[in-house]
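Please examine the structure shown below.

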Amino acid sequence: MFANLKRIFKTAWQGINRNSWLTIACIIMMVISLTLFTSIIIFNYAANYLINYLKEKVDISLYFKTDVPEEDILKIRDELLGREEILSIDYISKEEALKKFEKRTSSNPLIKKALEELGENPLASSLNIKARGTEQYQKIAKDIENAPFKDKLITIDLAENQRVINQIHSLAKAMKWGSFLTMGVLVFISLVIGFNTIRMAIYALHEEIEIMKLVGATFWFIRWPFLLEGALQGFFASLIALAIFIPLIIWLSPKVEMIFAGFNLASYFWANLGFIFLIQTAFGMFLGIVSSFLAINRYLKI
Amino acid sequence: MSLVYFKNVSKSYNGNIILDNVTFEVERGEFVCLVGRSGVGKTTLLRILYHEEPPTKGRVFFEDKDIFKLKPKEVIKLRRKMGMIFQDFKLLNSKTAYENVAFALEMTGYPEETVKKEAKELLRLVNLSDRLDNFPHQLSAGEKQRVALARALIHRPEIILADEPTGNLDPINGWEIIKLLLKINELGTAVILATHDKEVVNTLNKRVISIENGKIIRDEKEGKYLI
């Protein structure tokens, strides 16, 4: 059995070397397919990051009247934390709020002057509520509207965010199905392109396949080297696709970070390099093997 | 029992009759020349025998088995009992002379040492020991046909089917191939030689089956090419 495996590998390797132009054509087609495939994986990650980034920006802010003592606000906070749908609540005292505001507007002397002239802190204490899921904000806001402490509030700040929440929710759903569908279509297109390229390569060798049949070769004896060739082509295509991605990611990463602060594409890529290479190679080899199998079956009839 | 038995075999393509009710037998170790002009059905007859295409009517037996009732695995075994050489050589262009011969033995799972020994021995027999690593495009027509003959012999077949083997060769190389076929026949392998080369047939003094318009018109033990 080992001898047969050795022969199959030797024949496949000979095929790759001796029909080098055909091999190169097949590999180029597969590199294109794999590049698209990996782009979708990375895009999917980026999209999820973006959605989570936007989700984190969403919260409900409860602004309390200035005469509400701090201990009452903290009591309300503790009460609300007991609810299942609430993930966390941040208490921002009016002093803290003023400090943050002054820091944010430090470059604007007009605002600084206006505050000085006021003489007192115009900002209110607040509770920033983060829900476990964006779909829960609506319910939380409604419950707070009917809560006994409602009269202690100046305002419940959700209305502006509600539209964003709904859009994010729809976007997340659309992206999930969109990338799933795109992946499916891409796999199909890749198979068609890969199959046709390999089919042309095998057609160029169809006379040889006929001769092998004539001298009494079994179907699997004929098939195995072609399947292994397809797998090897997929593997080499994966290496080349990776070699294309690395400089591309290094170039693109700082540009993306300028738009989405905190999103480091390069870090993600390096951290998941093994996984990306593995899945890309698996797809490439699958593409090569399946295409070879379907292409060669045409000629294996007695 | 005969080695080969064609029983009332006819073959037509789109209404054109190529073979018409052909019946004959070939015994083990026999040398048969199949003669006739180009297009009379010699190649078609051989293609039917090595199961490349089925007859329209009739039955073909090899070692008493109806070859068109065989399963695909059995057809593969059948082809290993036949060695074939063709006018256009049919070598694998991406393999060297040695690899072309060795390939035919590798498929039966023999160990590498045995394959090497047998392949080199056969190439020595056909005087190509110094051309083992050459590809077909680096060989002359005569050398290519000798590689093809070595390959045909690798399974120690019961019969050699030679379809116009000298068609693309000069007379000297052609005779070299015929002499090799005679030598193989002396060792017990049957040979069916399809040819329209009058000189070869008339010199051999072997059984001659003459075909004209798809029919056998003559079958003589020590025949001549009389068409």
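Chain B has a radius of gyration of 17 Å, which agrees with the value near 17 Å that a compact globule of 227 residues would have; the radius is taken over C-alpha atoms, and the globule rule is 2.2 Å times the number of residues to the power 0.38. The model is predicted, so that local features need pLDDT of at least 70 and side-chain atom pairs count only at pLDDT 80 or more, while totals for chains, interfaces and linings use all residues. Residues are numbered from 1 along each chain as its sequence is written, and chains are lettered from A and ligands numbered from 1 in the order in which they are written.

Along its principal axes, chain B occupies a box of roughly 45 × 40 × 35 Å, as judged from C-alpha atoms. Its secondary structure consists of seven helices and ten strands, where helices (H or I, at least four residues) and strands (E, at least two) are DSSP runs numbered from the N terminus. Of its 227 residues, 44% are buried; a buried residue has 20 or more other C-beta atoms within 10 Å of its own, an exposed one 12 or fewer, and a partly exposed one a count in between, with C-beta atoms placed from the backbone. Contacts (C-beta atoms, placed from the backbone, within 7 Å) between residues of chain B at least 6 apart in sequence join residues at least 24 apart in 68% of cases.

Chain A presents another picture. A compact globule of 302 residues would have a radius of gyration near 19 Å, but chain A has 31 Å. The box filled by its C-alpha atoms is roughly 100 × 40 × 30 Å along the principal axes, and 25% of its 302 residues are buried. Eleven helices and four strands form the secondary structure of chain A. The chain is divided into domain 1 (2-54 + 167-297) and domain 2 (60-160), with bounds from an automatic or database domain assignment. The centres of these two domains, taken over C-alpha atoms, are separated by 52 Å.

The nonpolar cores come next. Each is a set of buried Ala, Val, Leu, Ile, Met, Phe, Trp, Tyr and Cys residues joined through C-beta atoms within 7 Å. The largest has 97 residues, and those with the most contacts inside it are B:Leu34, B:Val101, B:Leu161, B:Val191 and B:Ile192. Helix α2 (residues 20-57) of chain A gives the most to this core, contributing eight residues. A second, separate core of twelve residues includes A:Leu62, A:Ile76, A:Leu80 and A:Leu127. Beyond its neighbours within four places in sequence, B:Leu34 is in contact with residues including B:Leu45, B:Ile192, B:Ile209 and B:Ile211.

Where the chains meet, the contact takes 14 residues from chain A and 17 residues from chain B. On the side of chain A, the elements giving two or more residues are α1 (2-18) and α8 (206-214); α1(A) supplies the largest share, four residues.

Within chain B, strand β1 (residues 4-13) and strand β4 (residues 57-62) pair in the antiparallel sense over five bridges; pairing requires that DSSP finds at least two bridges between two strands. B:Phe6 has B:Val60 in β4(B) as its bridge partner. Two bridges also join β4(B) to the antiparallel strand β5 (residues 65-66) of chain B, where B:Phe61 is partnered with B:Asp66. The hairpin of β4(B) and β5(B) has two residues between the strands, and B:Glu63 there takes a positive phi near 50 degrees.

Conventions: Contact = placed C-beta atoms within 7 Å.
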